[in-house]
Amino acid sequence: MKSAKILAIFLSLFLGMSNIIYAQDTFSAISNANKTLKKGDYTYKIDYVDYNSILKVYNKNNKLVISLPKVYYALAGDKGFYYSTNDYNTSNTDIIYTNLTDNSSKVLYSKKSNDSGFLNAVKDDYLYFQISEGEVAEATISPVYKLNLKTGKATKIIEDAGEIHLSDNKIFYKKTSRNKETDTLYSSDLNGKNIKVVEKFANTITVENNKLYYAAKKSDKSYCIYEINEDLSGKKQISKPFYSKYILSITSKNAKYIVEENQVEETYKMDFASGKITKIN
């Protein structure tokens with residue numbers, strides 16, 4: 001009996017340590033938009049074949065070690081990766097961690113949903129993710145959850161969010177396209193509390209080095225790019241005004257956007273430091 005008790009204590013300590021180990025890895029997104037990623041000794045690739053996204057992981061010898069179907073988005077690390085997958089037969093979405101050192105896998109969270117789920121980030125000992133709860137205009141559409149990787153407890157922290165971005169201490173997000181406030185950019189702390197409006201008419205968000213970058217739409221339909229600190233201080237305009245049909249991306253250095261001219265779409269790149277605009281297609 002005594003030895004069984006000691007074994008139980010050892011196992012609980014081991015499991016706790018394994019959670020801490022994979023929580024402290026550094027993770028980057030791999031998806032259909034970012035199809036190949038190298039992390040440590042591993043290379044991650046997502047192939048889209050016959051309406052199915054397949055995540056493949058290769059070791060340093062370029063040997064295929066894992067191939068997983070129905071993986072549309074993952075957070076890849078040096079020692080393992082998080083991913084979500086949906087079984088359309090059971091309408092169940094699972095969020096899973098796979099340890100590449102021993103190829104073991106652990107289901108961290110499971111929920112009835114027709115949505116494949118979206119993994120946002122791993123920060124400290126928490127995984128931030130979204131799983132849709134429905135597609136009714138007045139219902140909560142896409143809540144944000146915070147999963148404690150030590151305890152396994154998941155907490156809903158934001159009721160409805162579209163794309164979200166995390167800095168060290170803040171979450172920046174807009175609501176889903178079905179929400180009436182879809183253009184408003186918000187900030188909150190990492191628990192989804194202390195919500196503040198950053199900008200009423202915002203577009204295309206990114207976070208670099210704890211600074212938020214976004215495009216704000218003006219009354220004349222033009223856009224300007226702004227930089228602001230995570231605590232919402234130090235807001236400054238870093239681009240001259242420009243007109244765009246779609247803004248493709250924003251970084252701290254430039255923006256890429258589409259302009260429609262005579263029913264023809266052209267892609268441009270604006271450098272913020274020089275103000276130079278270059279056609280890139």
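This is a predicted model: local features need pLDDT of at least 70, side-chain atom pairs count only at pLDDT 80 or more; totals for chains, interfaces and linings use all residues.

Residues are numbered from 1 along each chain as its sequence is written, and side-chain values use heavy atoms, with hydrogens and water left out.

**Whole chain**

The protein chain has 1 helix and 25 strands. Both are DSSP runs numbered from the N terminus: helices are H or I with at least four residues, strands are E with at least two. Of the 281 residues, 46% are buried. Buried means under 20% relative accessible area, exposed means over 50%, and partly exposed lies in between (1.4 Å probe, protein chains only). Contact means heavy atoms within 4.5 Å. Among contacts between residues at least 6 apart in sequence, 30% join residues at least 24 apart.

**The largest pocket**

The largest pocket holds about 440 Å³ of space. A pocket is an open set of points on a 1 Å grid over the protein atoms alone, where a 1.4 Å probe fits, with protein on both sides within 12 Å along at least five of seven lines. The volume is the space filled by probe spheres set on the points, which are joined across faces, edges and corners. Lining residues have an atom within 4 Å of a point. Among them are Ser31, Tyr73, Phe118, Lys123, Glu163 and His165. Strands E10 (118–123) and E14 (164–166) each give two or more residues to this lining. E10 supplies the largest share, 4 residues. By class, the lining has 6 nonpolar, 4 polar and 2 charged residues. Here Ala, Val, Leu, Ile, Met, Phe, Trp, Tyr, Cys and Pro count as nonpolar, Asp, Glu, Lys and Arg as charged, and the others, Gly among them, as polar.

**Aromatic rings**

The structure holds 13 aromatic pairs. Rings of Phe, Tyr and Trp (its six-membered ring) pair if their centres lie within 6.5 Å; planes under 30 degrees apart are stacked, over 60 edge-to-face, and the rest tilted. The Phe242 and Tyr257 rings have centres 4.5 Å apart and planes at 35°, so this pair is tilted. Phe242 lies in the loop between strands E21 (236–237) and E22 (246–250), while Tyr257 is in strand E23 (residues 254–261), 15 residues apart. Both Phe242 and Tyr257 are buried.

| Charged end | Ring | Distance to ring centre |
|---|---|---|
| Lys146 | Tyr126 | 4.3 Å |
| Lys235 | Tyr226 | 4.7 Å |

**Single residues**

Ser167 sits in the loop between E14 and strand E15 (170–173). Ser167 is buried, at 2% relative accessible area. Leaving aside neighbours within four places in sequence, its contacts include Lys123, Phe172 and Asn210.

Asn210 lies in the loop between strand E18 (202–208) and E19. Its phi is positive, about 65°, although it is not a glycine. At 27% relative accessibility, Asn210 is partly exposed.

Asn194 also is not a glycine, yet has a positive phi of about 55°. Asn194 is exposed, with 54% relative accessible area.

Note on methods: A charge sits over a ring if NZ of Lys or CZ of Arg is within 6 Å of the ring centre and within 35 degrees of the ring normal.
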